[in-house]
Amino acid sequence: MVLGVDVGGTFTDAVLVYDGRIATAKAPTTPHDQSEGVMAAVAAVLERAGRRAEAIDTFAHGMTVATNALLEGNLARAALIATEGFTDVVALGRQNRAHLYRLCAARPAPLVPDERRFGAAERTGPNGVLASLTGIEPLVRRVADSEPEAVAVVLLHSYRHPAHELELGRALSEALPGIHVSLSHEVVGTFREYERAATTEVDAALSPLLRSYLRRLAERAGEAGIPRPAIMQSNGGLIDSDAAARHPSWTVLSGPAGGAAGAAFVARAAGAPDALCFDMGGTSCDVCVVDQGAVQEQSAGEIDGRPLGLPMLAVHTVGAGGGSIGWRDPGGALRVGPHSAGADPGPACYGRGGTEPTVTDANLLLGYLAPDSPLAGGVSLDLDAAERTIHGLADELELEPLACAEGIVRVANAEMVRALRVVTVERGIDPRRYALLAFGGAGPLHAAAIASELGIDRIMCPRASGVLAALGLGVSQRRRDVQRSVLLSGERLNSDAITAAVEELAGRAREALGEPQAHIDAVYELRYRGQAFELPIAAGPSPAPEELRRRFEAAHQERYGYRDPEQQLELVTIRVSATVPGADVELSAADDGQPPRTRREATLHGERLGLEVLRGAPPPGTEIVGPMVIELPESTLLVPPGWSGAVDATGTIQLGAG
Amino acid sequence: MIDPIDLQVLTGALRAICEEMGAVLIRSAHSANIKERRDASTALFDARGQMVMQAEHIPVHLGAMPAAVEAILAEDHAPGRSWVLNDPFRGGTHLPDITVITPIFTGGDLLAFAANRAHHADVGGPTPGSMPADSRTLADEGVVISPRVLDERAIAGLSEQMRQLQQRRADLRAQLAANRAAALRVEELVGRAGRGTVEQAFDEVLDYAERRTRACLLELEDGARCGRDLLEAREGDLEIVLRATVAGDRLTLDFTGTASQHEGNLNCPLAVTRSACYFAVRVLTDPDIPPSAGAYRPVEVIAPEGCLLNARPPAAVVGGNVETSSRVADVILSAFGRALGQGTMNNVVIGSEEVVYYETIGGGQGACPEAEGPSGVHVAMSNTLNTPVEALELEFPLRVIEYALRRGTGGAGRYRGGDGVVRELEATAPLSFSLLTERRRHAPPGAAGGEPGARGRNLLDGRELDPKASGALKPGQRLRIETPGGGGYGAP
């Protein structure tokens, strides 16, 4: 029996998978200590499934503790040791300003202030030590005097020559027992000092908080008789909670990774391994690409303007959701967002004091949502409030209210299409060969329109649309990534050198996972010498250089339209993943009979039309023909005219255009 | 007539096309200038040569792209026939900025142009990097490309006249690929929305940007404001004079009285002066306005021919683009009561016949009426990324000795100006260097009682150099650049 628990902004979702079936439950998220909400959701799902805690084999957890701490600045008192002359490495960043024309817009402040940055007397160059490390003792004393709760160590060229970082790490551990020390070559391992330093700072500054949270959660789990949690990392794989506590930077984007993993699982189960996933909630929209059943990854990302130089699932977030507010700008254009009514007060139609027209208000006025059909969490909708607020904006824009409502939806869709273009066409991917997998409370309402805009003719909507992240956690693999910049070219780029580096990294990854037999995958980040961007090429653990070149050139040709056979090839970074497969779950949707059907009027492309409405999840085999609205337990699917399909055996609604 | 909804949707689509062009260009180019520093811009123009939309990577290209399209507008256009140019007096800015323009046809008729501009690491000037500190005519600065067709033969021919020909070739091909991507997307847009709607959208976006700029200008107080500032030429200071007049929803920027063009390279073609003016207008209005030619219709720029800001051939211009442009923006911002930032890009070129390292260095931003000025950033016409120390040391025979904030250099005030930066480099092989810097003699002023930031300094083994300097570096010699702080705002 597999348990997955995902902490969201409003609700904590639990999914229990047993005998190929799933039970779900929600509990309010408890921001002061997420573990309370987690245990409440666990108790609720066990009760609903009628199972005992002792029967749970694995417990997987996706959390937002690290993300929230970073966004809210709720961080430990950290110190930074850097090579002397370079202690401002994070403050300087890449020297670009935050906004081109708002000249005083500030970049996020470094996590370590001036007074806790210390210079180490040493220098290492790309080819080795230039000046040995001296003055360790007084340095460590000065660091200790600053009373840090954690220390980050970032020395130049340590990705290749880590001796001085290791030496400082040992000295700090002796002098400051119990204080977390993050060494940049261990945390990140790749070249480019700013990104490595900023990530190492994040790792250090999060560590006390994350450690105490995970300890508390493990204790509560123990008391409840369920296994210790495995934690979702930003890379979409699980790691045991002790390892997660030691390496906070691994789980910074734990939350979105769970959703992406769930989407990939559903896409595979539905027989559509190539899918664009689109998760739209109240305030934001997460998109990602699933290729051959796996979520696309990226070698680095960022959070709130801070770089994170670690491999992670490529989830792109934009601030467009059901709560996004429509407005008229001074040039007379209709705009939607980035301001959002959020969950509180929420859209005007929530009747909690919201007064501005939101996307959800528009969907209600257009008849896609209904006042007599509450949303997830039991929110019922006030049509009059939606009408009033949209009338106001329509008057400003000199539009009919229904045209204005359709406009709000179209402009919001355009924003989400742009997000999907960022993860596809801007990376050289043709979206038309993918299915669109829509989930989250609001995703399935917008799926068909967005698919049409991108030229996609197939959409999917999973039955567990509202708790997909928790499901994803339950079925995820365990995984550990280790990476290092090796910068090999010319004669130094040979099979022996590659194999040796991969073996060493594989050993470290398996050790971190506690699985000496874990499966090993390797990714080689390659470029032509002189380029500053690399292309990731997946290959076995000991590829011949000719093989790497051939595959790199094919990828370069595909991505950029040319290859350059005269240029030298450079292997910049090797990334090794150790994985152990997740629970083997086969979904089969229960047949609870046909949901009740009713009809209502809606507006689509300026025309009134009668819609058939299914109130509940239709069982496998049900034929779906638009125009139709399907009110799933936690989300609503709009099927416009011209779209039709059926419910598959896993309960996923699959639709095609035309 | 397009409704407010279509307007917003199509504006987004056009912006997405420009952004995708930028993504293709930056990812597929070879030189660090384009890839790491993102010294490149992309834009879409209508068939009449009006700039409809631009992806904003670097402000100095903002208003200078239209001149490039204008320069080839009357040529004989055919599908797939692209154009290339860098001549500052025929559509360019300075020689390292090479512009590639591709007409976009649908159904046999010209609909639009895709254009992009990228700063090449070399264009065959006498010094590596083609950013000479002491050029006196355009011919001293590299290969001048008058507008001509860009095909494989032209790519080969042009690259051969420049250093690192493989890189030049790859960069030019990347520029072509970016325009091809844009053409494809515009064709798709026409397929979805229809040619008529797309043409209408072009007009509407221009008008919309114009309306919004006018609305912002209306909020500024009517009347004339004056400003003056100095540029630090080898032969002495050169004065820039401005009279800025707001009259209702219009703005006139009149530089009459500015010094004549000079024998050095601080001269600007008018296109560069316009760019700097549009940058300042964007800062003073609403940056949310789409960057299209419409936004600049209510702005008139006057610079008498033959003056520093509207130079005639064969003036040298390499410093005009990178340095004078910053001062033009400064003089406008100060006329409107702003404290000034470092006011220079601190151009550093170090190289040999084999390698060229070009970098601009951030400094202090001027404080704003309600915020401190950020430290260690690019402040005006540039916003390029630095070259990481580790990347630099891997590729060039250089060692970085120090890279740090230059503490205490921001001007005091109710809000402090930002601090400058120290970047010190040591040669590990014989190299030449060339520095094009400003605000070494005159510090960036504060405003409303705020104090000025500290002036910058250039040091060779501890000996102070001129703002514009060049020479040789022996192994072990150190070049130290200390960039200026920003001015403070309000009495301390």
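## A sheet in chain B

Strands β16 (residues 457-460) and β19 (residues 478-482) of chain B run antiparallel to each other and pair over four bridges. Two strands count as paired if DSSP finds at least two bridges between them. Strands here are DSSP runs of E with at least two residues, helices are runs of H or I with at least four, and both are numbered from the N terminus. Where does R457(B) find its bridge partner in β19(B)? That partner is E482(B).

These two strands belong to an open sheet of five in chain B, with the order β13-β14-β19-β16-β17 and antiparallel pairing. At its edges sit β13 and β17 (463-464) of chain B, each pairing on one side only.

## What you are looking at

This is a predicted model, in which local features need pLDDT of at least 70 and side-chain atom pairs count only at pLDDT 80 or more, while totals for chains, interfaces and linings use all residues. Residues are numbered from 1 along each chain as its sequence is written, chains are lettered from A and ligands numbered from 1 in the order in which they are written, and side-chain values use heavy atoms, with hydrogens and water left out.

## Where the chains meet

Now for the contact between the two chains. Chain B brings 77 residues to it and chain A brings 66, where contact means heavy atoms within 4.5 Å. About 6,400 Å² is buried between them, with carbon and sulfur atoms giving 53% of that. (Buried area is the accessible area, taken with a 1.4 Å probe, that two parts lose on being put together, summed over both.) On the chain B side, R27(B), H30(B) and E390(B) lose the most area to chain A, together 12% of what that side buries.

How many salt bridges link chain B and chain A? The count is 11, a salt bridge being a side-chain nitrogen of Lys or Arg within 4 Å of a carboxyl oxygen of Asp or Glu. The side chains of E393(B) and R123(A) form a salt bridge, at 2.3 Å from N to O.

Several elements of chain B each supply at least two residues to the side touching chain A, including α1 (4-28), α5 (165-193) and β13 (398-406). The largest share, 14 residues, comes from α1(B).

## A sheet and a helix in chain A

Chain A has an open sheet of four strands, ordered β28-β29-β31-β32, with mixed pairing. Its edge strands are β28 (597-604) and β32 (636-639), each pairing on one side only. Within this sheet, β29 (residues 607-615) and β31 (residues 628-631) of chain A pair in the parallel sense over four bridges. E612(A) stands opposite M628(A) in β31(A).

Over all chains, the structure holds 74 salt bridges. One of them joins the side chains of E504(A) and R508(A), at 3.7 Å from N to O. E504(A) and R508(A) are four residues apart in helix α15 (residues 495-513) of chain A, so about one helical turn separates them.

Is the peptide bond from G626(A) to P627(A) cis or trans? The bond is cis, with omega near 5 degrees, and P627(A) lies in the loop between β30 (623-625) and β31 of chain A. Over in chain B, the bond from P313(B) to P314(B) is cis too, with omega near 5 degrees. P314(B) falls in the loop between β10 (299-302) and α8 (318-335) of chain B.

Then there is Q292(A), which has a positive phi of about 50 degrees although this residue is not a glycine. Look for Q292(A) in the loop between β13 (285-291) and β14 (294-295) of chain A.
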